[in-house]
Amino acid sequence: QSNISRDQKLRQRAQRVIPGGMWGHQRAAAVPAGFPQFFDSGQGATVRDVDGNEYIDFMCAWGPIILGHQHPVVEAAAQAQAALGLCLDGPTEHVVDLAELVVEMIDHAQWALFQKNGSDAMTGCVTIARAGTGRRKVLVAHGAYHGAVPWCSPSLVGVTAEDRAHILHFDWNDTDSLETAIAQAGADLAAIVVSAFRHDLGVAMEMPTPAFAQAARAACDAAGAALIIDDVRAGFRLDLGGSWNLVGVQPDLSAWSKAIANGHPLAMITGNERFREAARNVFVTGSFWYSGAPMAAAAATLRELRRIDGPAVMARAGRRLRDGLAEQAARHGFALIQSGPPAMPLVQFAGDDAQATLGERFCIEALRRGVYMHHRHNMFLSCAHTEAVIDAALVATEGAFAALAAEGAANA
Ligand code: PMP
């Protein structure tokens, strides 16, 4: 490619003034080699990098974009408030409007508090659970991601043992290991934290089994502890009333962020009556947590998702993608493992190594043909992924499978 120069130049400049050139999940090291680092715009289901290359977007900003980039209804709502003021001396009316809306939409929710990031919301849930129970121990699944703060960060760099002193682990969907961790916590059990489904990096996604979900609920009821669902990543893509509606289990507290405002910065804690008093007593705040435009954007996003039945739209698109990839893979001699809910798919090549080398080669070939996918992290569909968009993406993936097959990479 002759037109990668803007991206390369920005990387060189970034190396001098940003440690490591970029941080966190959106650094280029987290995507296949040769993927662009810098983008300049998005529209609908398409993103455009700084060199003007356009891609059908299957990462959706790693979750936030749920209606499509630059959704007109959401942007109009956000801009109307932004034109009046970004940060004022108190919140706007949007905070009440939004809280009423989520209490109506989300089954367990009887109140809501707003923050900026998923890590804020998850940390707030844990703080509220501890305040409400007067206890310390928090159970978390091995390998689950809940944020970039010391109590739960996947990295121990800069983290002390004391930061983790009251965190105990269990294995996802393993009721016996959950019982063992509950016994370890004893009378000090404050909360059990679960993801909407198992979406750990690089391993096949797993939905919660009803037996596991019910065991977690029953254990919290028996112990007087809080069941906390981390719906930061899956929230509003599976069920607008909360992701564990799929297994018929309600949490006491839930954390939300990513898709809640279609890209505008916002996070949310929802809770039931039992934890209202604790939520009122803890000290949680932030300089930008009251700004109205993201709340206006969130209300518009959620109303639009409800109007069009967004989860059904995304599930249909995801199934079309999954079926198309399965058919192409079989025809070209590849065995795929496709896991996760269709709206949040992970595509793996059977027998691939831990780095997903074959998956990475596939993504590079797809990128060359105008489709942006990920080989190890779950992908995200949006409501802008129409049948025509999926079919266009499948033309690219057909070419990618053919290119890998021509190199003799078939694994079936
Ligand atoms: N929980 C889950 C399940 C997540 O996927 C994320 C973000 N990837 C977080 C928490 C943390 O959210 P944030 O990055 O907005 O702090």
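**Exercise 1.** In this model, the C-alpha centres of domain 1 and domain 2 lie 27 Å apart. Work out which elements give two or more residues to the side of domain 1 that touches domain 2.

*Solution.* A quick note before starting: the model is predicted, local features need pLDDT of at least 70, side-chain atom pairs count only at pLDDT 80 or more, and totals for chains, interfaces and linings use all residues. Residue numbers run from 1 along each chain as its sequence is written.

- Step 1: get the bounds. Domain 1 is 5-62 + 310-406 and domain 2 is 72-308, taken from an automatic or database domain assignment.
- Step 2: size up the contact (C-beta atoms, placed from the backbone, within 7 Å). Domain 1 puts in 19 residues and domain 2 puts in 15.
- Step 3: name the elements (DSSP runs numbered from the N terminus: helices are H or I, at least four residues; strands are E, at least two). They're helix 9 (310-332), strand 11 (336-339) and strand 12 (346-349). Helix 9 gives the most, four residues.

**Exercise 2.** Find which residues of helix 5 (residues 175-185) are buried, and which exposed residues sit on the face turned away from them.

*Solution.* 

- Step 1: count other C-beta atoms, placed from the backbone, within 10 Å of a residue's own: 20 or more is buried, 12 or fewer exposed, in between partly exposed.
- Step 2: Leu-178, Ala-181, Ile-182 and Ala-185 come out buried.
- Step 3: check the neighbours. The buried residues pack against strand 5 (137-141), strand 6 (167-170), strand 7 (189-195) and helix 6 (210-223).

Notes
Contact = placed C-beta atoms within 7 Å.
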